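Open the model in your viewer and keep the selection panel handy. We will go stop by stop, with a note on what to select at each one.

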Amino acid sequence: MQYRRFGRTEMLLSQFSLGCMQWGKSPQANAIATIERAVELGVNHIETARGYGNSEERVGKALARIFKRVPRENLYITTKIGPSSDVEEFKRNFETSMNLLGLDYLDNLDFHGPGNLKTIMPAMNDRGCLGFVRKMMSEGVVRHFGFSTHGYPTGVMDLVNTNEFESINLHYYYFYQGLRHVVERA
């Protein structure tokens, strides 16, 4: 397995990450076995989201088993939470995510789904979600902060240009390189 630096973090993530969006459509035992097997094969990054139904719960159950034989610091866990104009709602979602995942700290937290800066401006201040994330980072509960998006180049570039995020999770691959300039800028 090859490992690469993730965004502006110092995390060295496996070239393949395990995204857990579709876990609700398969039996729980299959989901847990898939996560365990991925880790056995060298995948060290597991990605889920508050909005993925029971995904965080299943990832948490798998992690509880995996951490009996793999040191916590060998895995990197990302979850994503939609930024909200209601910071209390964001905090509740964060606490739910941490409880379901069974983690004391999160390696990477992403704002989930912003397509442009305008849509998340209410969250991007010290009294909003961004302020809460910064507080969690200062306490070591969140190690790194990024965003995940399906947005278009102009809107995503505006998010990158805030310089608030250490990483981006976006659709960029061989058959779709419409965000090439964003990737180069980031």
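Helices here are DSSP runs (H or I, at least four residues), strands are E runs of at least two, and both are numbered from the N terminus. This is a predicted model, in which local features need pLDDT of at least 70 and side-chain atom pairs count only at pLDDT 80 or more, while totals for chains, interfaces and linings use all residues. Residues are numbered from 1 along each chain as its sequence is written, and side-chain values use heavy atoms, with hydrogens and water left out.

Helix α5 covers residues 129–138, and its axis comes within 9 Å of that of α3, crossing at roughly 40°. Axes are lines fitted to C-alpha atoms, for helices over the stretch in contact, with angles from 0 to 180 degrees between N-to-C directions. That angle makes α3 oblique to α5 (under 35 degrees is roughly parallel, over 145 roughly antiparallel, 65 to 115 roughly perpendicular, and the rest oblique).

Now show side chains: Val87, Phe90, Lys91 and Phe94 of α3 meet Cys129, Phe132, Val133 and Met136 of α5, contact being heavy atoms within 4.5 Å. By class, this contact has seven nonpolar, no polar and one charged residues. Nonpolar covers Ala, Val, Leu, Ile, Met, Phe, Trp, Tyr, Cys and Pro; charged covers Asp, Glu, Lys and Arg; the others, Gly among them, are polar.

**Next: α2 against α3**

From α2, pick Glu56, Glu57, Val59, Gly60 and Leu63, and from α3, Ser97, Leu100 and Leu101, which make the contact. These residues divide into four nonpolar, two polar and two charged.

**Then: methionine 157**

Jump to α6 (residues 153–160), where methionine 157 is found. Leaving aside residues up to four places away in sequence, methionine 157 touches His181, Val182 and Arg185. Draw a distance to threonine 78, 79 residues apart along the chain: the C-alpha atoms are separated by 22 Å.
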